[in-house]
Each structure stands twice: as C-alpha cells, then as structure tokens.
Amino acid sequence: MLQTPIRAAMVLAATTLLSPDAHAESARMTGRFAAPYRDAAMLESLRVGRIAGEDGMQLGMAIERALARPDIEGRTHFDLVGGRGGDADGLLNGNVVTGVQESRFKRKEMECVEREGGKRDGKCVKEAEVEKDCTRRIINVNADLRLAGPDGRVLYSVSRPRRDETSWCRGQTPGRTTEEAIRGMIIDIAENVRADIVPAVQDYSIRFRESTRGLPKDLVRPFKDIVRQTQRDLPGACAAWAAMDTQVPNHPSITFDLGLCAESAGAYDKALALYRRAAPLIGRGANEATAGAERAQRLIAGRDDEAERRRRRGPGRR
C-alpha cells in the first residue's frame, strides 16, 4: 500500500506566528520531521536507476546530488549505490518527457521614435506605440517517477509536471536559454524528490502565546514576567507556567505555552496532548495550537522512524 503524503505543519505554523497575540519571545529548536512518504524513507540504501527520456540522465544525476546532500547535522539519509549492478534496498526509476514550443505573435509597446539631434544615444523627444514581432516559448517537463522496495512493493510513485513560459520581442533576448530553463526545472523536480522521501532536519523557532485575555488581574504581570523569562531561563519559565496552570487550569495561552515547553524539551507526545487541549480553548478554527499538534505529529513520526531504522541496522552503526 502506498504511503500517503503527510501535510507539512511548518507552513501553517509560519502563518500563525503572524497573529496579533504573538510577539518576539520564542523557543528555538532543531527537529527531525518525518518524510511525507515514510515507507520510502525507511529504506537504508537506494539506487537511482534508468530514467528514460532525452533529459532522463540529467534528472537522474540531479536526484543523486539532491539525495547525497547532507542535512544540517552533516548526515546523509540514504546509502547511494551507483552502477547498473549495484545492490540496494530501493530502486528509483521512471521517465521524463520534455517539450519545447515556440510561436510568433505581435505586441504593441511604447518605443522612442525620435531622439534629440537624430542621434541614437540622444534624449528621447517623442514616444509612440509600435507593433513588434515577438516570440513566445513554452517548455513543459513532466517526470513520472517510481521507487520500489526490495520486495518489489511500490513505495513512492509521483508525477512531477513543470512549465516555463517566457516571451521576447525583436531586438530583445530571453531571460534564460532553453537549456537553462530545463535545467532549472530538472533541479526543482530533484529537490521535490528529496523533500518527499528524506526526513527534514530543521532549525526552527515558534513564538510563545502572550495573550492574557481571561487571566485574573493579579496573574497578568506574573504571566508577562514568565514570557520574558523564557529568553534567559526556559526551564524555569516552564516550571512557573506549570505552577500557574494549577491556579488557572485550561487557560489557552498557558496551555499552549506548556505545549511549546514540552516540544522544546523533545517531549513530543506530551506536547501533542497539550496542543490538542489548547486548540479548542484558543478557537478560531486553524490556530497556533492546531499547527503545533500537526507539527508534533510529524516530529513523533520522525523520531519513531529514526529509531526503527537504527534498530534495523543493529548495534555499532549510526
């Protein structure tokens, strides 16, 4: 059965950081987020096989380079095996079709038709709308890719279409050559493959929720003091919020901030429970707590997948 992609929570989290309740104080963390296609990411070694099509070799090499790039911790995810006879857990192959179409059209543009003194570099004294002969170029690149495991089971199967359109008129040159445009689309497809099947190790920052709405007046200043404390003593601030939570249970900001405390400590299961508790308290549909819950789920999956890969490798291997 194919693994369906998991939606990245980071995009939603980035939007919630712009809410009026969010300010500068934040928790800075490094997390391993599960790849969207988790079954494919569980493979230990991988070989990029034949990709048919005129630009197939270029795409294959671009995918190899993308997968070989180490993460921010300096580690590569797959052991890449080269050569036709290389033995690997997974084999990625496919087909790429490239089409280039050029058509002529006319376009009216304002142009200088008279210059001071009749000189080419003279100051323009008269402009007029001039009809020009132009060229429109459309490039389509479509890659169909499939990754099968050691038992032949398909773990990853995608179609990645890309389109580039540009136009220019007589006397002008296109901003990029056909080869440059195709290369850019090939690299983009390769980076998408990496994002699909390689866990993302990311440095990221999430802001604490600072809204004091609903807090008793005598706790407003202590709450704000705790928020400021997070930047110099995060464990102490989290302990203070935990104590305040017993005084004002189920306050949306305290509950969310405790979830962020747990996430920053790597306690992702606890963070998930707190974010789920905070989400309906905050309300307004999608909010920072729902984003936090989705993010925690990806972090849990990333942690569990890495632990399982380590177990399969056995002792003595990273």
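Q: How many disulfides does the structure hold?
A: This predicted model holds three disulfides. Counting bonded cysteines along the chain, their pattern is 1-2, 3-4, 5-6.

Q: What makes Cys 112 and Cys 124 a disulfide?
A: Their sulfur atoms lie 2.3 Å apart. A disulfide requires two cysteine sulfur atoms within 2.5 Å, so the term applies. Cys 112 belongs to strand β4 (residues 90–115) and Cys 124 to strand β5 (residues 124–148), twelve residues apart.

Q: Why is the disulfide of Cys 112 and Cys 124 called right-handed?
A: The torsion about its S-S bond is about 115 degrees, and therefore the link is right-handed.

Q: Why is Cys 124 described as partly exposed?
A: Its relative accessible area is 29%. Buried means under 20% and exposed over 50%, so a value in between is called partly exposed.

Q: How do you know that Cys 134 and Cys 169 form a disulfide, and what does the pair tie together?
A: The S to S distance is 2.0 Å, and the cut-off is 2.5 Å. Cys 134 lies in strand β5 and Cys 169 in strand β6 (residues 154–169), so the pair ties together parts 35 residues apart in sequence. Both Cys 134 and Cys 169 are buried.

Q: Which handedness has the link of Cys 238 and Cys 261?
A: The angle about the S-S bond is -90 degrees, and the link is left-handed. Cys 238 is in helix α6 (residues 234–247) and Cys 261 in helix α7 (residues 252–264), so parts 23 residues apart in sequence are tied together.

Q: How many aromatic pairs are counted, and what makes Phe 223 and Trp 241 one of them?
A: The count comes to five aromatic pairs. The ring centres of Phe 223 and Trp 241 are 5.9 Å apart, with 50 degrees between the planes.

Q: Why does Trp 241 count as buried?
A: Its relative accessibility is 0%, and buried means under 20%. Phe 223, also at 0%, counts as buried.

Q: Why is the pair of Phe 256 and Tyr 275 called tilted?
A: The centres are 5.4 Å apart and the planes stand at 40 degrees, so the pair is tilted. Phe 256 lies in helix α7 and Tyr 275 in helix α8 (residues 268–282), so the pair ties together parts 19 residues apart in sequence.

Note on methods: Residues numbered from 1 in each chain as written. Predicted model: local features only at pLDDT ≥ 70, side-chain atom pairs only at ≥ 80, totals over all residues. Heavy atoms only, no water. Helix = DSSP H or I, 4+ residues; strand = E, 2+ residues; numbered from the N terminus. Buried < 20%, exposed > 50% of the residue type's maximum accessible area, 1.4 Å probe, protein only. Phe/Tyr/Trp six-rings, centres within 6.5 Å; stacked < 30°, edge-to-face > 60°.
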